[in-house]
Amino acid sequence: PVPDALHIDAAVVVVEGNYLLLDTGGWERAAALFDATFFVVVDDGIRLERLIARHERFGKSHADAVAWATGPDEANARLIAPTSARADRLIDFASPTGMPLAPRG
């Protein structure tokens, strides 16, 4: 990221990022810039399976993909999980009800 490196003139801009709802490290200012925030929840097993497959697609061996997904990626997952409380809505693919969009409050 480079401050002020890009100007976007659009009615809708969708951004994605693990840290956008963090309340520390300067990230706490990000959420105020958005009209709506969403947090995607998925079953941990499915998340790990998809991460491992993604790492393998980009050239890691299976062992290295597992190590990365259960190491640095898992540390990130634990860091950002509590930030779901700051989101306006949850997109919950882990829900047994199958309801993918859950409003807050």
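**Exercise 1.** Find the closest N and O atoms of the salt bridge between Glu 74 and Arg 47, and state how far apart they are.

Solution. Glu 74 forms a salt bridge with Arg 47, and the closest N and O atoms are 3.0 Å apart. A salt bridge here is a side-chain nitrogen of Lys or Arg within 4 Å of a carboxyl oxygen of Asp or Glu. The pair joins distant parts of the chain, with Glu 74 in helix α3 and Arg 47 in helix α1, 27 residues apart. Helices (H or I, at least four residues) and strands (E, at least two) are DSSP runs, numbered from the N terminus.

The model is predicted: local features need pLDDT of at least 70, side-chain atom pairs count only at pLDDT 80 or more, and totals for chains, interfaces and linings use all residues. Residues are numbered from 1 along each chain as its sequence is written, and side-chain values use heavy atoms, with hydrogens and water left out.

**Exercise 2.** Classify Glu 74 and Arg 47 as buried or exposed.

Solution. Apply the cut-offs for relative accessible area: buried is under 20%, exposed is over 50%, and partly exposed lies in between (1.4 Å probe, protein chains only). Glu 74 has a relative accessible area of 13%, so Glu 74 is buried. Arg 47 has 17%, so Arg 47 is buried.

**Exercise 3.** Determine which residues are linked with Arg 47 in a network of salt bridges.

Solution. Start with Asp 44, which forms a salt bridge with Arg 47, the closest N and O atoms being 3.3 Å apart. Because Arg 47 and Asp 44 are three residues apart in helix α1, about one helical turn separates them. The network links Asp 44, Arg 47, Glu 74 and Arg 78. The structure holds four salt bridges.

**Exercise 4.** Describe how helix α1 and helix α3 pack.

Solution. Take α1 as residues 44-57 and α3 as residues 72-80; the helices pack at an angle of about 140°, with their axes 11 Å apart. That makes α1 oblique to α3, since angles under 35 degrees count as roughly parallel, over 145 as roughly antiparallel, 65 to 115 as roughly perpendicular and the rest as oblique.

Terms used
Axes are lines fitted to C-alpha atoms, for helices over the stretch in contact, and angles run from 0 to 180 degrees between N-to-C directions.
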